[in-house]
Amino acid sequence: MSSLGNSLFIVLALFCFFLTTSYGLPNVKPIDDVQPEQTVAVHNEIRAAVGVAPLVWNETVAAYAQNYANKLAKAGTCAYTDMRHSGGPYGENIAAGWVQPKDQMSGPIATKYWLTEKPNYDHATNKCKDVCGHYTQIVANQSFSLGCGSYRCHDNELIWIICDYYPMPVGDANTRPY
C-alpha cells in the first residue's frame, strides 16, 4: 500500500473509532460477520458492472480464510500495521472496521470498501493511479469462486474480514482483470 493509502486507512480507522466512542457500542451478539450470501451478491454486482461472470461461494476457500483468521486471532494480530496476507494459494483481500451502531464491518461492507479503489484503476493502461489491487481482485475474470473468514479483536470491537479468491488471478502487467 502506498503511504497515501496507509494514511487514508489510518484516518478512516480513527474516524470509525471516534464514531464508535461517540455513539457507544451496541451489545455484541454472536453474528455471522462474513454473511456469505450477501458477500457473494455484492461481489457479483461489482463484477456484472464490468461484464465479468459471477462468483460462487467455495467452502474449501472459506475454510482456508477462516483458518488463517483463526491463526491471526490466536497470535493476537489486531494492529493494522501487523496485518499480512497469508501468502497462500489464493488471491486475498483483507479489511477491518470497528463495531458500529449500523453498517458494522462485515463481508458485504468490506467488499464495498474495496470497491472504493475502482477510480484508481485505468482499464486502458491496466495500471493503478493509486491503490487498486483490492478492486482488481474482486473483478478478476480468472477467479470463479471465493470464501471468507473473520475474527474479532479488542473485546469484540474490531472485526477483520479476509476474503480469498480461487483460482488466484494472474495479476501481471500483461493480464487485465476483465
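1. In this predicted model, the buried residues of helix H2 are Thr39, Val40, Val42, His43, Asn44, Ile46 and Arg47.

2. What do the buried residues of H2 pack against? Their partners are strand E1 (56-57), helix H4 (107-115), helix H5 (133-139), strand E5 and strand E6 (158-166). As for its own dimensions, H2 has 13 residues and reaches 18 Å from its first C-alpha to its last, which is close to the 18 Å expected at 1.5 Å a residue.

3. The structure holds one salt bridge, and the partners are Asp33 and Arg152, whose closest N and O atoms are 2.7 Å apart. Because Asp33 sits in the loop between helix H1 (3-23) and helix H2 (36-48), while Arg152 belongs to strand E5 (residues 145-153), the pair ties together parts that are 119 residues apart in sequence. Is Asp33 itself buried or exposed? With a relative accessibility of 5%, Asp33 counts as buried, since the cut-off for that word is under 20% relative accessible area.

4. Turning to the aromatic side chains, the structure holds seven aromatic pairs, and one of them joins Tyr64 and Tyr90. The ring centres of these two residues lie 5.1 Å apart and their planes stand at 75°, so the pair is edge-to-face; the angle qualifies because planes over 60 degrees apart count as edge-to-face. This pair links distant parts of the chain, with Tyr64 in helix H3 (residues 59-75) and Tyr90 in the loop between H3 and strand E2 (91-98), 26 residues apart. Tyr64 is partly exposed, at a relative accessible area of 24%, whereas Tyr90 is buried, at 14%.

5. Another pair to examine is that of Tyr151 and Trp160, whose rings have their centres 6.2 Å apart and their planes at 10°, so the pair is stacked. Here the angle meets the cut-off because planes under 30 degrees apart count as stacked. Tyr151 counts as buried at 5% relative accessibility, and Trp160 is likewise buried, with a relative accessible area of 2%.

6. Which residues form one aromatic cluster with Tyr64 and Tyr90? Phe144 and Tyr166 do, and the cluster consists of Tyr64, Tyr90, Phe144 and Tyr166. When checking any of these contacts by eye, remember that a pair of aromatic rings is described by the distance of the centres and the angle of the planes.

Terms used:
Residues are numbered from 1 along each chain as its sequence is written. This is a predicted model: local features need pLDDT of at least 70, side-chain atom pairs count only at pLDDT 80 or more; totals for chains, interfaces and linings use all residues. Side-chain values use heavy atoms; hydrogens and water are left out. A salt bridge is a side-chain nitrogen of Lys or Arg within 4 Å of a carboxyl oxygen of Asp or Glu. Helices (H or I, at least four residues) and strands (E, at least two) are DSSP runs, numbered from the N terminus. Buried means under 20% relative accessible area, exposed over 50%, partly exposed in between (1.4 Å probe, protein chains only). Rings of Phe, Tyr and Trp (its six-membered ring) pair if their centres lie within 6.5 Å; planes under 30 degrees apart count as stacked, over 60 as edge-to-face and the rest as tilted. The expected span of a helix is 1.5 Å times one less than its number of residues. Contact means heavy atoms within 4.5 Å.
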